[in-house]
Amino acid sequence: MIKIYPKIIAKDRMDLENLLFQEGIRFEENVETTFGKYENDKLIATASIYKNIIKCVAIDPAYKGGSVFNEMMTVILAEINQNNYDNAFVYTKTIYEKSFASIGFKEIERLGNELIFMEKARDGFTSYLEKLKETKVDGESIGAVVLNANPFTLGHQFLVDYGAKHCTYLHVFVVSEDASYFSAKDRSKMVELGVENYDNVIVHPTESYLVSAATFPSYFIDENKSVTKIHASLDARIFKNHIGKVLEIDQRFVGTEPTDEATRIYNETMREIFESEPNKLDLVEIPRKELYGKVISASRVRTLIDQGKMEEIKDLVPQTTYEYIKNNNL
């Protein structure tokens, strides 16, 4: 098993794409490291890594069911461990569930026969849910908001304010994936500062369990199917069946999205899943906060920062966010 370089070496790219194609998989450009096994100059097995996520796994049919899979995963897991990750994840077709289960991967959630999300960890999803359980509070209505907060804007604060006023307690989850303009640490801190005046708001990280678009795989999903819808379905099932269940959440608040088609599909899909039995919860959509007829968005704030127009972001973010960005030279 050796490292191959499909982004740099043309032959590696051709070999890889040929093997992936015969397995119904497309190469995903955001992978960081790719391994391959050759037999008589033919690529017979490959797997790639993005951070601690295993992607683009394919084995030539003539070599399936043997030792090749285990050999490849030994190398992949060693690489993930060497990069200082304590856990490893894989999104794969359900037909490969037994193969990954045999080397210690456990299911987090699945979508019928299309997709299974699995993890190999010493302290994994179960541990995360146990930590959440320690923050469980009782009330007539328990709500939730999930934010990327890149950065935390007056729009986000408006959503949190609405949620806090319409339920006994509000759990605010900040996406932990470091694939944004601001780091997860900074985004979480901006949220904490922006909600510190609320006595009924509890802030949590999502760790690796509410999936960002950056990590979600599209490489083995049929091109005729909506990747956004499948992504949203997985996220919604993880939230509803595990996170929401542990905290007894009965409402999740989101902003409406009149112009962004992907977010509209996301919200519609969440509603379908949330409002079906069991573990039913309500999806509450509220109009997004506007300024001068335009929706307040984090992307507008980032654009102004890039243009050096720090003073202009004051109308778009809470004072706490403005001061945090300025004081930390972000």
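**Close-up 1. Helix H6 packs against helix H10 in this predicted model.** Two packed helices are described by the angle between their axes and the distance between the axes. Here, H6 (residues 184-194) and H10 (residues 319-327) meet at an angle of about 145°, and their axes are 8 Å apart. Axes are lines fitted to C-alpha atoms, for helices over the stretch in contact, and angles run from 0 to 180 degrees between N-to-C directions. Helices (H or I, at least four residues) and strands (E, at least two) are DSSP runs, numbered from the N terminus. The crossing of H6 and H10 is right-handed (the near helix is turned clockwise from the far one by less than a right angle). On the H6 side, the contact (heavy atoms within 4.5 Å) involves Asp-186, Lys-189, Met-190, Leu-193 and Gly-194. H10 contributes Thr-320, Thr-321, Tyr-324 and Ile-325. These residues divide into four nonpolar, three polar and two charged; Ala, Val, Leu, Ile, Met, Phe, Trp, Tyr, Cys and Pro count as nonpolar, Asp, Glu, Lys and Arg as charged, and the others, Gly among them, as polar.

A note for reading these views: residues are numbered from 1 along each chain as its sequence is written, and side-chain values use heavy atoms, with hydrogens and water left out. Since the model is predicted, local features need pLDDT of at least 70 and side-chain atom pairs count only at pLDDT 80 or more, while totals for chains, interfaces and linings use all residues.

**Close-up 2. Phe-125 and Tyr-128 form a stacked pair of rings.** Rings of Phe, Tyr and Trp (its six-membered ring) pair if their centres lie within 6.5 Å; planes under 30 degrees apart count as stacked, over 60 as edge-to-face and the rest as tilted. That rule gives 12 aromatic pairs. In this one, the ring centres of Phe-125 and Tyr-128 are 6.5 Å apart and the planes lie at 15°, so the pair is stacked. Both residues belong to helix H4 (residues 125-133), where being three residues apart separates them by about one helical turn. Phe-125 is buried at 8% relative accessible area, and Tyr-128 is buried at 2% (buried means under 20%, exposed over 50%, partly exposed in between, with a 1.4 Å probe and protein chains only). Ring pairs also link these two with Phe-89, Tyr-91, Phe-117 and Tyr-209 into a cluster.

**Close-up 3. Tyr-162 and Phe-253 meet edge-to-face.** Their ring centres are 5.9 Å apart and their planes are at 70°. Tyr-162 sits in helix H5 (residues 154-165) and Phe-253 in strand S11 (residues 251-255), so this pair ties together parts that are 91 residues apart in sequence. Tyr-162 is partly exposed, at 27%, whereas Phe-253 is buried, at 1%.

**Close-up 4. Two prolines follow cis peptide bonds.** The bond from Asn-150 to Pro-151 has omega near 5°, and Pro-151 is in the loop between strand S8 (142-147) and H5. The bond from Glu-277 to Pro-278 has omega near -5°; look for Pro-278 in the loop between helix H8 (261-274) and strand S12 (282-286).

**Close-up 5. Asp-41 has a positive phi without being a glycine.** Its phi is near 65°. You can find Asp-41 in the loop between strand S2 (33-39) and strand S3 (42-50), and at 59% relative accessibility it counts as exposed.
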